[in-house]
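Dear colleague,

Please find below the structure that I am handing over to you, followed by an account of what was found in it.

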Amino acid sequence: MATATTSLTMQQHGTLPPFPETLSHAPIAEISSRKLLAKDLETTAAVWKACQTYGFFYLDMTDSDQGCKLVADAEQLYGLSKETFALPFQEKDKYDFRRRKSFFGYKPSGSVKKTDTSQRPDTTEFFNVGKDCLFDVAPSNPYPDIIQNARPLLRDFCKGAHEMAMEILRTLARAADEDEEIFVNLNRFEESSGDHIRLTLKRPSDEKKSEIGLPSHTDFGSVTILFNWLGGLQIESRTPGRIGEWEYVKPVPGKAIINLGDAMVSFSNGALKSAKHRVVESPGAQAGIERVSVVYFVRPTHHSLMKPVGKFDSGGSRVKVGGKFSDGIDEKVYTAKEWLEERFVQLSHSKE
Ligand SMILES: O=C(O)CCC(=O)C(=O)O
Ligand SMILES: [Fe+2]
C-alpha cells in the first residue's frame, strides 16, 4: 500500500547519525495506525493500557495511507523548520508570542520556566502555528513569509494529525465502553481551540554552560502527535527497579510518538495519564547536532468544560490536574479557554 511514501520517511533519518545501539530506551507500546483505524480490538486494549501506564506509545504510520501522508508532511516540515529557524533573531523576535499575549508565534530559547532542581535554562526555540489561524476560524496571527508560504502544507498536516488524534480518542472511548464520540465532541476541528503545530529547533548545549533542551513538563491539551529525528526526549521509567528514572524514547523512522495531555486526565478523572517528559542533549554520536521536532497539539475546543465526562463523572471528587496556577482550581469548572489562559500566564516563564 504505502511503499513510495515509506521510503521517503527514511530520508531524513538516513542523513543523521543513529541513536546509540546499546543505550537503553523506554519499551513503549507500538501501535499500528492501520489497526487503529480498523478499530481492531487488541489494538484498542493496547492503546488504553499504554495511556494508563507510560502515557506514551509509538504509532506506526507506515501501514496506512493516512499515516504515510503524515510522515511525508512531517519530513517536509523538518525542512521548513530548518529554514525558519535560520532567520536572523531580529526577524524571529518580531513574532515573540509573549509580547502578543497569544499562544501562537515565536518562543526564543531560554524562556521556559525552569522546573528541574538544577534550574537549567532551555535551549529550544519554537514557532506555534494555530489551527484556527491556518483555517481562518480566527483572524490569523502574523508569521514570517517562510511560514505563510507553507500554509497548504501546514493545513494538510494539521488536518491529517487532527483526524489521527480523533481516532485515538475514539479508541480510548470504546476501550472505556463509552459513546465513541465522547472525547471527540470536546475537540472538534471546526470549532475554535488552542490546537497548533509546533516547529521546534533545539540547538546543541554549550558545554561550558549547564543547559537543558526542555525542562520536565506535562502537555496540557488532549493528544500530542510528535515527530522527532534525534534522541533526547526522555520519559519516566515504568521498569521495576527503575520506576521514575528518566528513560530515553528512541526515535524510530516512520513512527510518531503519541502522548496524552492534562485535558484527558481531567475528562477521564485520572483514569488516563499525562506523563512527565523532558528533552536533554541527544545521546552518543547525535550530540552536538541541531535537533528538529514537528509536533501537533490537540487542545479542547474553547467552550469545552474541563471536568470529567460520561461515566468518569461520578459526582464524587475530581482529580487535581496541572492545578499549579490557582487555588480552588478543583472547585471551579473552567472552560478550556479560561484554563489555557491561566496556564498561559505561567508560560511567560514556563512551558508548554
Ligand atoms: O522535542 C521533543 O521530542 C518533545 C517536545 C515536547 O515535549 C513539547 O514540545 O512539548
Ligand atoms: Fe511536551
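K255 is buried, at a relative accessible area of 19%; buried here means under 20% relative accessible area, exposed over 50%, and partly exposed in between, with a 1.4 Å probe and protein chains only. The residue belongs to strand β10 (residues 255-260). Apart from neighbours within four places in sequence, K255 is in contact (heavy atoms within 4.5 Å) with E30, Y58, L59, D60 and M61.

Please note that this is a predicted model, in which local features need pLDDT of at least 70 and side-chain atom pairs count only at pLDDT 80 or more, while totals for chains, interfaces and linings use all residues. Residues are numbered from 1 along each chain as its sequence is written, chains are lettered from A and ligands numbered from 1 in the order in which they are written, and side-chain values use heavy atoms, with hydrogens and water left out.

Two of them link distant parts of the chain: D219 lies in the loop between β6 (214-217) and β7 (223-228), and H277 in strand β11 (residues 277-279), 58 residues apart. D219 is buried at 2% relative accessibility, and H277 is buried at 6%.

Most residues other than glycine have a negative phi. K39, which is not a glycine, has a positive phi of about 60 degrees; K39 sits in the loop between α2 (33-37) and α3 (41-52) and is partly exposed at 36% relative accessibility. N269, also a residue other than glycine, has a positive phi near 50 degrees. N269 is located in the loop between α10 (262-267) and β11, and is partly exposed at 22%.

As to the whole chain, there are eleven helices and twelve strands, taken as DSSP runs (H or I, at least four residues; E, at least two) and numbered from the N terminus. Of the 352 residues, 56% count as buried. The C-alpha trace spans about 50 × 45 × 45 Å along its principal axes.

Yours sincerely
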